[in-house]
Amino acid sequence: MPASSSSSSLGQRAFDRLMQLRGISDHPDNLTRLFLSPSHRQAAEAVKQMMTQAGCDTVEIDALGTVVGRYHGKAADAPALLIGSHIDTVKDAGSYDGTLGVVAGIGVVEALKQAGRRLPFTLEILAFGDEENVRFPSNLSSSRALAGTFDAATLDGVDEDGISFRQALLDFGGKPGAIGPLARDASKVIGYLEVHIEQGPVLQHENLPVGIVTAINGASRRRVSVTGEAGHAGTVPMALRLDALTAASEMVLAVETLGAKAPLTVATVGRLAVSPNAVNVIPGGVQFTLDMRGPDDAERIAMVDAIEQACRTIAARRKVRLEIAPFYDAPACPCSPSLQTALAEAVARHQIRPLHLPSGAGHDAMAMAALCPIGMLFVRCTDGISHNPAEFSSQSDIDQAIRILLDAIEHLASQSVS
Ligand code: HGY
Ligand code: MN
Ligand code: MN
């Protein structure tokens, strides 16, 4: 383990970088940094500078906006160990979701550079831009590009302002025609490691700063549109209405009931828009989203089918029209046993009880699993709060996580040499 400077400096340096990125937003009053937005470009440029200053030998922003920093291995043709996460955020976001994994990778390079260490493999530090999939109906597009599973149809998706993914990418300075070549050669990749806040309460409950992820829950997302008949709120008798909002409301409650049926499944309606959205007009149309997840794919799919059927039954009874459009389906994703072991042994070497736990949240690691073995290290966050400006992870936990990541990487290096 390189004698990186004093124990707190890794955490301090990471925290400083997190706070710098927290200040880059498209919204004046909160942290909102959507994929391919002006603040995403600004954050990508800031991360590029951080990677350069930390000691990466090369840094670039690729055709899809991912920042890629490389710290070369001893041999020019050394395989690569990928370390990364995302710098896009949800709306009114916290300061750690995603960016923590990027600054952790940068901290590892900085410690190795300061110790004059070169490994038997290249380290690639990755800052993905489309993990939250909030702006476009996409699905981990930037990490999927590296994994070779990017779906070109994604380029035709449009945001709520009608701007296409393709146009936004061109405006960002990206190259829609150069996405294919981003795919990595699996034979030259050792694995992918991601440090991420837990976004749940387990580590706090267990009084542990870090945990090792066993698997990432599968997820399904749908856009639902309910079409009734707009009408005069004062003249149409209740029994003669085709009210899209009361129909959608019954559907939303059915989502909650069916999501709660099995102990480990969850189902959420995160967005709902009413039209024409006027005080004296019976709603003619409602658009809402479904986010449905679980650790077991068969159980999740059964829940998705039950929720879709419930919506159809309610629509038929209320004589409104229903459309359900899938835009995201990702199976549950196990983490590599060997990378779990490497992380768990590093945790134990730091006198911390290695706790293995699943991830309810999705991550870029799900996409990277198509390319190589994946491993994730969770970091405790206060009360498990995330996707919320109150999201918090302590500097000392962050410091421990980066030191453990560094230790695991050094261990992988010692194994690959032997
Ligand atoms: O929604 C998720 O699970 C992730 O934060 N994008
Ligand atoms: Mn995240
Ligand atoms: Mn998130």
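**View 1. One salt bridge spans domain 1 and domain 2.** Here a salt bridge means a side-chain nitrogen of Lys or Arg within 4 Å of a carboxyl oxygen of Asp or Glu. Arg271 and Glu160 pair up through their side chains in a salt bridge, 2.7 Å from N to O. This is a predicted model, with pLDDT of at least 70 needed for local features and 80 or more for side-chain atom pairs, while totals for chains, interfaces and linings use all residues. Residues count from 1 along each chain as its sequence is written, chains are lettered from A and ligands numbered from 1 in the order written, and side-chain values use heavy atoms, leaving out hydrogens and water.

View 2. Domain 1 covers 9-216 + 332-415 and domain 2 covers 218-330, with bounds from an automatic or database domain assignment. Their centres, taken over C-alpha atoms, sit 33 Å apart. In contact (heavy atoms within 4.5 Å) are 14 residues of domain 1 and 13 residues of domain 2.

**View 3. Two manganese ions share Asp97.** Asp97 bridges ligand 2 and ligand 3, and these two manganese ions lie 3.4 Å apart. Donors are N, O and S atoms within 2.8 Å of the metal (3.2 Å for Na, K and Ca), and sites may look incomplete because water is not among the atoms.
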